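Have a look along with me, and I will jot down what I looked up as I went.

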Amino acid sequence: MQLTPELLRFVLSGGAAAAANVLARILFSQVMPYSPAIILAYGVGMLTAYLLMRRFVFERSGRGTREEAGRFILVNAVAAAQVWAVSILLARWLLPALGWSWQAETLAHMAGVGSTVLTSYAMHKAFTFRRKGDA
């Protein structure tokens, strides 16, 4: 995949959304267990991402906000499962097996969020923000 201006804007917007996600998870973890904190924080990141992607990354699809947001949520439901699985796998099994304990949950969560960059871009371009009427 070639680094186009659109992909660069996606990565920068996604980075801002990922930062919101991780910071929200750290805050949520103060009042709830790690696993549900990941899911709630993903919602914060998803809202941030949608607003940034719609404004700065993709051209208008010609769909209403409700349909476009619904498509965005579908793509992100798949990505949320990926983030959760990677985060739990790393935090609960791989990092402990490697003897890594310093900020293991935060590192695992950041890796989980990062694991979705290319798949999310491709799905949002082809599905969420594809112009209405395009094949």
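**Entry 1: ground rules.** This is a predicted model, where local features need pLDDT of at least 70 and side-chain atom pairs count only at pLDDT 80 or more, while totals for chains, interfaces and linings use all residues. Residues are numbered from 1 along each chain as its sequence is written, and side-chain values use heavy atoms, with hydrogens and water left out.

**Entry 2: the overall build.** I found five helices and zero strands in the protein chain. I looked up the radius of gyration (taken over C-alpha atoms) and the globule rule (2.2 Å times the number of residues to the power 0.38). The chain has a radius of 16 Å, close to the 14 Å the rule gives for 135 residues, so it is as compact as a globular protein of that length. Its C-alpha trace spans about 50 × 35 × 20 Å along the principal axes. Among contacts between residues at least 6 apart in sequence, 73% join residues at least 24 apart.

**Entry 3: what is inside.** I call a residue buried under 20% relative accessible area, exposed over 50%, and partly exposed in between (1.4 Å probe, protein chains only). By that count, 36% of the 135 residues are buried. Next I looked for a nonpolar core, a set of buried Ala, Val, Leu, Ile, Met, Phe, Trp, Tyr and Cys residues joined through side-chain atoms within 4.5 Å. The largest one has 25 residues, and Phe10, Met53, Phe58 and Phe72 touch the most other members. Helix 1, helix 2 (34-57), helix 3 and helix 4 (104-114) each give two or more residues to this core. I then followed Phe10, whose contacts beyond four places in sequence include Met53, Phe58, Ser120, Tyr121 and His124.

**Entry 4: helix 5.** Which residues of helix 5 (residues 117-128) are buried? I listed Ser120, Tyr121, His124 and Thr128. Seen down the helix axis, the buried residues of helix 5 fall within an arc of 100° (using the directions from the axis to the C-beta atoms), so they line one face of the helix. They pack against helix 1 and helix 3 (65-97).

**Entry 5: Asn21.** I found Asn21 in helix 1 (residues 5-28). It counts as buried because its relative accessibility is 3%. I checked for a polar contact, meaning a pair of N or O atoms within 3.5 Å; within protein, one must be able to donate a hydrogen and the other to accept it, and residues adjacent in sequence count only if both atoms are side-chain atoms. One of 3.1 Å joins the side chains of Asn21 and His109. Beyond four places in sequence, Asn21 also touches Ala41, Tyr42, Gly45 and Val113.

Entry 6: Are they buried or partly exposed? Arg71 counts as buried at 14% relative accessibility, whereas Arg92 is partly exposed at 38%. Leaving aside neighbours within four places, Arg71 is in contact with Arg63, Phe127, Thr128 and Arg130. With neighbours up to four places away not counted, Arg92 touches Tyr34 and Glu105, and a polar contact of 3.0 Å joins the side chains of Arg92 and Glu105.

Notes:
Helices (H or I, at least four residues) and strands (E, at least two) are DSSP runs, numbered from the N terminus. Contact means heavy atoms within 4.5 Å.
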